[in-house]
Amino acid sequence: MNAYEGTENRKWEKISVLMVGTGGYAGLYVKELLHGPCASQFEIVGAVDPYADQSESGRELVQHGVPVYHTMEEFYQKQAAQVAFIVTPIHLHAYQAQYCMEHGSDVLCEKPICASLKDAEEMMAVRDRTGRRLAIGFQWSFNESILKLKQDIMTGLYGKVRRIRTIVYFPRGLDYYHRGTGWAGKRRLASGEWLLDSVASNAAAHYLHNMLFLTGNEVNRSAEPIQIEAEIYRANPIEMFDTCALRIRTANDIELLFYATHAVPQKQERRPEFIIEGELGMVTLCYDKEREIMTGRLIDGRNIFYGEPSADNMHKLSYMADAIRGNAHLPCIPETALPHLKCICALAESFHETPQFTDDFIHYDEDTRQYTCIGLGETLNMCWERGSLPYEEGVSWAQESHVIALQGDEISFEKGNGKRKV
Ligand SMILES: NC(=O)c1ccc[n+]([C@@H]2O[C@H](COP(=O)([O-])OP(=O)(O)OC[C@H]3O[C@@H](n4cnc5c(N)ncnc54)[C@H](O)[C@@H]3O)[C@@H](O)[C@H]2O)c1
């Protein structure tokens, strides 16, 4: 029993927080916890980050008098926390989450859950053994509008969902790949830990997960992928991929199409858009300037206007507070995030090396320090509109997809679905 267990129902007390990671995306947590609406609910009692002095938010914590440690071990030798927020590079998630739960803290761990199915199993086993809570920070899954949409899908408002198509372009240059401790775009570290960091597991992971999440049969479950037809590519000098076009078939017979890239020019940035096609209606996410417009259109003529999926990206923190105080279910737990990880692992197992776009299509821009593939934005958009993959469209740089079958933890694959326009 940890030092705080007896206080869980004292609603007036702030919840004590350990921040694991202080810079990069963790900087948003620090800002929210010190200055945002969450400041009234939480108190950061300590932080773990060997590089805390390298970020503004890390230095701000020190100025606030928060003790900052280099390791988890040092923190727990001296202190305790009701909850740990883990916002560190992917290969650290599994060990750090387990260590926190073993030492009495509930955990909100950033996405993706981790980089191997074995690690995910171990995280769940520790959660079950310790009785701690473990949430995974895919923020759209904590958003009221996405949860309302999921409810509407589950109750059959849109009829049987046949297909979802998602497209997202987040241009990223070498600065992105060289940030932090240099783990971005890597398959695994020299020390052997898996990372599998790619456009699908990191920056655009939310939108692949979101399709699986929306088609799950329960609030905190996602649909199981059973087959992936996959094309992955890189314009950057990285081990993993900066571009993908995926056609996923789920166990509940839904087709999910996912087009994501970092390798388009800055001016082609495109926030995530999706189209859900059901027997009784469709739902789209598009934009009016900066505003997200998520609308359902039923074949009987009714329109349903949902709110914005990104309206409250830090809502996951107050969800965690509500769960700790005993009155909220967590909508994104390891089981919810696992189907996304299965896709990531299946891609890594199937592609030991990432095909590079052909040389004549790769462009390097000195000003933005960015590699792009010429015409990629237009190609992926055409595929998104048609529900096809680049190879099927006869695109010259495209390589035949890998067809990957997923059965439980078993993954098998063959090359090609045989479809190509001539
Ligand atoms: N939910 C989102 O929208 C979102 C956005 C960006 C990143 N992320 C996730 O957040 C996590 C961190 O990503 P990032 O881009 O901020 O990474 P990053 O490399 O910038 O590192 C984040 C922090 O972790 C610290 N760190 C490194 N090694 C550490 C260690 N051994 N112990 C403790 N701290 C350590 C770094 O010093 C840094 O402060 C990843 O899981 C990423 O996928 C989520």
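Which side chain has an N or O atom 3.3 Å from a nitrogen atom of the ligand? It is the side chain of Q96. Such a pair is a polar contact, meaning N or O atoms within 3.5 Å.

Quick ground rules. This is a predicted model, where local features need pLDDT of at least 70, side-chain atom pairs count only at pLDDT 80 or more, and totals for chains, interfaces and linings use all residues. Residues are numbered from 1 along each chain as its sequence is written, and side-chain values use heavy atoms, leaving out hydrogens and water.

The side chain of Q139 places an N or O atom 2.8 Å from a ligand nitrogen. H93 has a polar side-chain atom 3.0 Å from a ligand oxygen. On its own, the ligand has 840 Å² of accessible area, and the protein covers 86% of that. The area comes from the Shrake-Rupley method with a 1.4 Å probe.

Now the shell. 26 residues surround the ligand; each has a heavy atom within 4 Å of it. The closest are G23, Y25, D49, K111 and W183. By class, the shell has nine nonpolar, 12 polar and five charged residues. Gly counts as polar here, and Tyr as nonpolar. Domain 1 (5–136) and domain 2 (143–310 + 332–415) each give at least three residues to the shell. Those bounds come from an automatic or database domain assignment.

Last, a pair of strands. Strands are DSSP runs of E, at least two residues, and two strands pair if DSSP finds at least two bridges between them. β8 (residues 225–233) and β9 (residues 243–250) pair in the antiparallel sense, over eight bridges. One example: I232 has C244 in β9 as its bridge partner.

Conventions. A polar contact is a pair of N or O atoms within 3.5 Å; within protein, one must be able to donate a hydrogen and the other to accept it, and residues adjacent in sequence count only if both atoms are side-chain atoms. Helices (H or I, at least four residues) and strands (E, at least two) are DSSP runs, numbered from the N terminus.
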